Amino acid sequence: MSKSISIFDTTLRDGTQGEGISLSADDKLKIAKKLDDLGVHYIEGGIPGSNNKDIEFFKRVKELHLNATLTAFGSTRRKNSLAEHDDNLKRMIDAGVPAATLVGKSWDFHVHTALQTTLEENLAMIGDSISFLKQKGLEVIFDAEHFFDGYKHNPEYAVAVMAKAKEAGADWLVMCDTNGGTLPHEIQEIVGALSLKLPEASLGIHTHNDCELAVANALSAVRAGARQVQGTINGYGERCGNANLCSIIPTLQLKMGMPCIPGDSLPQLTNTARFISEVANVNMPVNQPYVGAAAFAHKGGIHVSAILRDSRTYEHIAPELVGNKQRVLVSELAGQSNVLSKAQDMGLSLDPSSEQAKKVIDRIKDLEHQGYQFEGADASLELLLREATGEMNNLFTFESFKMLVEKNAGQPVVSEAFVKLKIGGESLYTAAEGNGPVNALDNALRKALLTRFPKLKEMHLSDYKVRVLDEQDQTAAKVRVLIESKDYKDTWNTVGVSSNVIEASWEALVDSMRYALLGQISLAGETVDHNGPKGLVNH
């Protein structure tokens, strides 16, 4: 049977060193619970006592009753001192966690330059600190900082550091590629050499992504004998980031036959990655392997035709294994297969040989020629297809809108929108202010619709992008607006195009509301059959 791999997550510590990432104590608790549900073995919570957020986290995390082993992070004792007098080590013990991650120097250059001490004193610092933590009953994970650079420069000393840590009682010896500059073949050679010199040691790997090799390096280390992999969700971390556990976990489990989380937890991977990106307020790259929105997206007509016969033609795994899903993109490159696949996903009946199917494809290509982009706006595409197949009912009809934008000297800009709609034969006229024209339109439209469709209060706009389509036309150029909307369960994207940015925004905004009403709300505001679309606005 293949050996299992221990997953050590450091999103809450090393991940927060990434630019633009800041987590509150509440954020860290939410993420810790999500990681525990996924089934990682270790969760590194942070540095006890380093800031108020981490102090609060370590106090409150006990209430979660995690199955994972929670670790506190810290460094070895100061030079020429005693471990029992070191405040950093004391705080790790006082954190009340079962394990400690202790970082120490393994590169002689760093010992001389950063610590400004002798090689012998550095070994004593490592040995004393580990022994002290072990005496207090903690499991100790020793992170050998800059191990690979140290080994390449002075292999005897790098190995001596690991031997000292093992002698002092460290439970794990973790080799860190701290600068992220080591190559996969070097990783495999060095890890293999260390495993021969310390055959009884439990080895781990911690890689950074400065050469975009963190995942490859971690997997190379596992092939050479490492049995713990440290990394972060979505690869968060300082500079170019850490090894991405969202790629490492499924590769180990599905490709290398090395179990690392419970099998029934693997389908939670995509949801976990996206949840943590939301909490961290960092947009996930759509092309992120395994868990990205485009990881199993198909655009070329030949590709789509093939995957409809057998998805293995263009997918290396079934996306459901990691909780993701196959997507077919529709664009000017789309063939009939793309459109038919999208219609099938929606439960729409579209005869491939019909004039209706040809008209839909021609319509999509014509709109894309005008600047629309449906591959990034699935919701607008679904509305278009439902209209073409007669699967839409009028719930409300747009009649007009007006905008007032006023700026007085020394005062902020005031935006006010006036919207006129017809719902069930009744005209509604509403006005609302906003912190900008689009926000004012959103507020006015929402104000009118909420009188009949109260469940719309559950949705909100989460992202807004504008792109100029032809820069040569300067201020008269067409623009494309993409709007992302959310409710408690789903996210959807809509598009609008016009030479007027307000009109383009209005189109995307209205489509976002139309989509929110699909299969959810009747005229009386009651829940209706989710299998039947029930929303349309003419605009």
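Which residue's backbone oxygen lies 3.0 Å from a polar atom of the side chain of Asn-122? It is the backbone oxygen of Lys-105. This report starts from the whole chain and then returns to that residue. The model is predicted.

## The whole protein

The protein has 539 residues, and buried residues make up 52% of them. Its secondary structure includes 17 helices and 16 strands.

Now take the contacts between residues at least 6 apart in sequence. Of these, 66% join residues at least 24 apart.

## Asn-122, a buried residue

Asn-122 sits in helix H5, which covers residues 119–135. Is Asn-122 buried or exposed? Its relative accessibility is 0%. Buried means under 20% relative accessible area, so Asn-122 counts as buried.

Leave aside residues up to four places away in sequence. Asn-122 then touches Lys-105, Val-111, Leu-115, Thr-117, Tyr-157 and Val-161.

## Arg-78, an exposed residue

Arg-78 belongs to a loop. On one side of that loop is strand E3 (69–75), and on the other is helix H3 (87–94). The relative accessible area of Arg-78 is 66%. Exposed means over 50%, so Arg-78 is exposed.

What does Arg-78 touch, not counting residues up to four places away in sequence? The answer is Asp-86 and Met-125. Arg-78 and Leu-115 are 37 residues apart along the chain, and their C-alpha atoms are separated by 8.9 Å.

## Helices H8 and H9

Helix H8 spans residues 184–197, and helix H9 spans residues 214–224. The two pack with their axes 8 Å apart. The angle between them is about 30°. Angles under 35 degrees count as roughly parallel, so H8 and H9 are roughly parallel to each other. Their crossing is right-handed.

Which residues meet here? From H8 come Pro-184, Ile-187, Gln-188, Val-191, Gly-192 and Ser-195. From H9 come Ala-216, Asn-217, Ser-220, Ala-221, Arg-223 and Ala-224. The residues of this contact divide into six nonpolar, five polar and one charged.

How values were computed:
Residues are numbered from 1 along each chain as its sequence is written. This is a predicted model: local features need pLDDT of at least 70, side-chain atom pairs count only at pLDDT 80 or more; totals for chains, interfaces and linings use all residues. Side-chain values use heavy atoms; hydrogens and water are left out. Axes are lines fitted to C-alpha atoms, for helices over the stretch in contact, and angles run from 0 to 180 degrees between N-to-C directions. Helices (H or I, at least four residues) and strands (E, at least two) are DSSP runs, numbered from the N terminus. Angles under 35 degrees count as roughly parallel, over 145 as roughly antiparallel, 65 to 115 as roughly perpendicular and the rest as oblique. A crossing is left-handed if the near helix is turned anticlockwise from the far one by less than a right angle, and right-handed if clockwise. Contact means heavy atoms within 4.5 Å. Ala, Val, Leu, Ile, Met, Phe, Trp, Tyr, Cys and Pro count as nonpolar, Asp, Glu, Lys and Arg as charged, and the others, Gly among them, as polar. Buried means under 20% relative accessible area, exposed over 50%, partly exposed in between (1.4 Å probe, protein chains only). A polar contact is a pair of N or O atoms within 3.5 Å; within protein, one must be able to donate a hydrogen and the other to accept it, and residues adjacent in sequence count only if both atoms are side-chain atoms.
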